[in-house]
Amino acid sequence: MPLADIGPIEPGFTPLATLFGAERFLTAMLARQQAATPGLDEKGAAAFFITEYSNLLGILAAVPFLSHGLVPDLSARNCALAAQPPPGEPPDVRLRLLNAAGVTDRPLAAPSSLIRPVDRAGLLEALGQSLEAHMAPLIDTLHTRTGLPRRAMWRLVGDAVAMRFLEAGQRLGCEAVAKADVMAALMRTGSPLANRQLHFFDVEIVDDARRVLARRTFRARGGCCRFYTAPGGSLCTSCVLVKPEDRRQRIEARMRAELGLPRVAQEPVGQLTTSSLLPGGEA
């Protein structure tokens, strides 16, 4: 779980814009991904790193948004980072906001020079813009370093943020609102985060009498993490390159197994490979 606070830059923290352009930092982050997945190329390492980092950012954006109707200024210029990634373990990340600026659509207890009141549309616009302003320097640097297309990385950012909003909404009891709001923020016209493939969908398991035994919401990815390009890798179940019917079949089989139910009569569910790719899909 990432930690976040507000304050000045102190020893151990580096301004985010500086860190994202530091060759030593990028080399270490890419090497960390490649150590965990031997044979992964630099494009794959960049995709893995973007996904990992965006998951942390998604948590930090989702919690204040859903719990307090607050979008802090997460732009790279307002952030500093302290990160110590132990080998083989999740990184110990601390994000520091240099000031408490932000926007909210909820009534303020007292006038504030830092928190600006907005309507709901303004809050959603601010959320999307804040995510973009945070990630743009890192995406630009990784594109120059590895050649991974910017568009591919923005899709991964959207995937991660959407998933973290879904999980936070489930924990906070506002799943429907979380799903609607994050999609509205990500799918803004002209946003690099917008793509047609990212969405949420439900899967139900029913018995012979059509009674619902289980229902879960999943996120269909708009991007590809490139794990299938690594030696021994495969396509993830929710990958954008997987045909929707194959994706649903695998999810249903997993849910039935968790419930101790027999598999329904259908084609065998095997490892996802490039033969499951959508026609014309790109990595």
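The sulfur of C236 lies 3.7 Å from the closest cysteine sulfur, in C225, which is too far for a bond. A disulfide is taken here as a pair of cysteine sulfur atoms within 2.5 Å. The structure, a predicted model, holds zero disulfides. C225 is accordingly in no disulfide, with the sulfur of C236 as the nearest cysteine sulfur, 3.7 Å away. Burial is assigned from relative accessible area (buried under 20%, exposed over 50%, partly exposed in between; 1.4 Å probe, protein chains only). C225 counts as buried because its relative accessibility is 13%. C236 is partly exposed, at 23%.

Residues are numbered from 1 along each chain as its sequence is written. In this predicted model, local features need pLDDT of at least 70 and side-chain atom pairs count only at pLDDT 80 or more, while totals for chains, interfaces and linings use all residues; side-chain values use heavy atoms, with hydrogens and water left out.

The secondary structure comes to seven helices and nine strands. These are DSSP runs numbered from the N terminus (helices: H or I, at least four residues; strands: E, at least two). Of the 283 residues, 48% count as buried. The C-alpha trace spans about 60 × 45 × 35 Å along its principal axes. Contact means heavy atoms within 4.5 Å. Among contacts with a separation of 6 or more, 62% come from residues 24 or more positions apart.

An open sheet of three strands runs in the order β3-β6-β7, with mixed pairing. Strands β3 (70-72) and β7 (115-117) stand at the edges with a single partner strand each, so one side of each is left without a neighbour in the sheet. The twist averages 20° from one strand to the next. Two strands pair if DSSP finds at least two bridges between them. Strand β6 (residues 102-104) pairs with β7 in the parallel sense over three bridges. G102 stands opposite I115 in β7. Helix α3 packs on the sheet and touches β3 and β6; its direction makes about 150° with that of β3. Helix α4 also packs on the sheet, touching β3 and β6, but its direction makes about 30° with that of β3. Axes are lines fitted to C-alpha atoms, for helices over the stretch in contact, and angles run from 0 to 180 degrees between N-to-C directions.

In helix α6, the buried residues are A178, K179, D181, V182, M183, A185 and L186. They pack against α3 (42-68), α4 (120-146), α5 (150-172), β8 (199-206) and β9 (212-220).
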